[in-house]
Amino acid sequence: MAKYSVHQQPVETLLSWIKSGDIAIPEIQRPFVWKAAKVRDLIDSLYQGYPVGYIITWRNPDVKLKNGELSAGKKVLIDGQQRITALTAAIVGQRVLNKNYKEVNIRIAFNPLTEKFEVLNKALEKSSEWINNINPIVNDEISITKAIRNYIELNPDADEDLIEDRIENLKRIKNKQVGIIELDHSLDIDTVTEIFIRINQKGVVLSNADFVMSKIAADEEHGGNRMRKLVDYFCRLIVDKGFNKHIVDNDTTFANHEYYKALKWMATGSDDLYVPNYIDVLRVSYTYKFRRGKFSDLVALLSGRNFETRTYQEEIAERSYAMLSEGLMDFVNQTNYQRFIMLVQSTGLINSKLISSKNSLNFSYALYLKLRKEGMAETEVQHYVKRWLIMSLLIGRYSGSSESMIDEDIKQINEKGIADYLAQMEQNNLGEGFWDFSLVSDLESSSVNNNAYNVYLAAQCNANAAAFLSKSMKITSLIEQRGDIHHIFPKKYLSDNGFIQRQYNQVANFVYTEQATNIKVGKMPPKEYLAKTMQEIQAGTFNISTIDSRQALESNLRFNDIPNVLYKATYDDYNDFLKARRILMAQKIRAYYEQL
């Protein structure tokens with residue numbers, strides 16, 4: 001028996017299905033990631049009669065109700081949302097959200113003489129040869145006769161029969177066929193994902209989070225559609241405070257719901273350290289509340305899956321939606337969210353560029369919510385969450401198969417308790433070999449997007465360390481102000497002496513310093529600019545540095561983990577300097593971690 005069916009439907013029918021709800025797609029669109037030029041290409045392909053790919057739908061499983069009856073599931077859109085959004089933007093004229101959550105129009109212009117499509121711009125808008133917007137013609141807002149007459153008035157030399165033929169072809173876009181693959185409800189997520197990958201040959205990964213979002217958006221009985229809004233509105237308010245007015249003015253039903261009361265604080269809140277997207281919000285809420293990590297399990301639970309009997313029951317679906325709702329509410333709670341952000345900042349991770357793993361943040365927030373819910377003392381919660389966050393960053397815990405790692409970690413913590421499981425993780429991953437060799441090796445890198453280096457900077461911020469060759473300017477301030485990263489051995493000096501970029505851009509050659517200091521050092525070798533610094537200290541002048549005593553200079557070098565060899569260093573000493581500094585940096589990170 002076939003587990004799917006394939007058929008063709010005209011664009012017009014597909015759009016009507018979406019409007020009527022026959023195909024359930026998220027009520028609030030996620031950001032439209034296609035570039036406008038790709039919308040143009042889609043319209044051109046339809047005009048030319050070329051294939052435009054498939055829309056994939058998956059019918060929700062039939063759920064056994066309390067009275068014993070079966071509830072037929074809706075078709076849920078699995079793939080094709082970007083194409084559908086492109087069609088509604090270009091043909092229906094709906095505004096779409098860009099990646100910054102701003103509403104924009106995408107207007108496609110058409111040149112009947114050349115049969116070319118372009119994204120409307122000011123130059124085309126002024127050209128009489130271009131129809132500025134295909135939407136009124138394709139969407140039946142203007143008759144073909146009127147469209148032809150308008151064009152000929154502006155282009156009297158054009159062949160009227162030719163223009164008529166091509167505008168009629170334009171209008172027929174709505175009749176062009178789109179392929180639809182309908183997957184049977186009996187298929188599991190892994191099979192659906194495999195089908196998606198085999199059909200979509202562009203290497204696009206189908207996220208199980210997309211299954212969840214489509215699933216809850218299609219649900220009205222348990223309030224899933226409102227949960228979808230809660231997720232989307234919260235993520236959007238983080239980056240677009242003005243969207244709050246749109247909610248209040250245009251979605252009064254939601255504005256009167258408890259979900260809005262829970263999230264509206266973000267309309268005036270600010271956070272650029274942890275900016276979660278919809279996947280992050282789902283990840284944290286689900287991991288914390290269900291104590292699982294795999295989104296495929298969540299889809300099954302929201303469908304009412306009984307893992308023991310392999311049947312679907314309404315009671316399980318109802319309970320799962322209620323749990324997800326509680327998890328989402330706890331995620332967006334102002335007190336929870338802001339206290340977690342302060343906890344992260346207290347580790348020295350004061351800027352998002354220091355956090356290379358969003359899933360380390362996600363799991364740490366889920367852990368924070370779990371421990372608080374269990375009534376653990378706040379000081380203990382902070383201790384365990386901070387250690388877990390830094391440990392997971394140092395070992396790259398969630399850099400690979402993150403979902404499997406998250407699933408394992410939350411289950412182990414639930415079974416053994418955070419204290420015992422953290423101790424086990426530290427014993428397995430942070431032994432003497434890690435601190436003395438692995439961490440030192442991790443610091444042998446030319447990438448500033450390096451976990452070990454970023455944790456080192458967090459340690460410096462946590463210690464409130466002064467910038468290199470500065471008396472009062474703190475590293476924290478320079479990172480917040482995007483201050484200069486200075487090469488201890490200037491790159492021009494090393495380059496002039498035969499070193500290549502990968503060599504002089506080693507993270508162990510980096511320090512934060514004030515711009516004036518960076519400029520004054522220029523391309524001097526270290527022994528030369530340190531000698532001048534000491535001369536200025538003796539003379540009581542401040543040119544290269546603001547440091548006013550030899551003791552303060554030695555202290556500054558020590559806090560920046562600079563080996564003493566620097567006082568006499570030339571390019572011949574560079575490689576030995578790097579080795580020595582990496583060891584000092586690793587020692588700084590270890591001392592920092594152990595005091596968390």
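## Around Gln506

Leaving aside neighbours within four places in sequence, Gln506 is in contact (heavy atoms within 4.5 Å) with Leu443, Glu444, Ser445, Ser446, Tyr574, Leu578 and Arg582. This is a predicted model, where local features need pLDDT of at least 70 and side-chain atom pairs count only at pLDDT 80 or more, while totals for chains, interfaces and linings use all residues. Residues are numbered from 1 along each chain as its sequence is written, and side-chain values use heavy atoms, with hydrogens and water left out.

Gln506 sits in the loop between helix H26 (501–504) and strand S15 (510–512); helices (H or I, at least four residues) and strands (E, at least two) are DSSP runs numbered from the N terminus. A polar atom of its side chain lies 3.2 Å from the backbone nitrogen of Ser445, and one lies 3.1 Å from the backbone oxygen of Arg502.

## Helix H18

Now for H18, residues 358–373. Its end C-alpha atoms are 23 Å apart, which agrees with the 22 Å that its 16 residues should span at 1.5 Å a residue (the expected span is 1.5 Å times one less than the number of residues). Of those 16 residues, 13 are buried, so H18 is largely enclosed by the rest of the structure. Just after H18, Gly375 takes a positive phi of about 85 degrees.

## The whole chain

The chain holds 30 helices and 15 strands, and 52% of its 596 residues are buried. Take the contacts between residues at least 6 apart in sequence: 70% join residues at least 24 apart.

Notes: A polar contact is a pair of N or O atoms within 3.5 Å; within protein, one must be able to donate a hydrogen and the other to accept it, and residues adjacent in sequence count only if both atoms are side-chain atoms. Buried means under 20% relative accessible area, exposed over 50%, partly exposed in between (1.4 Å probe, protein chains only).
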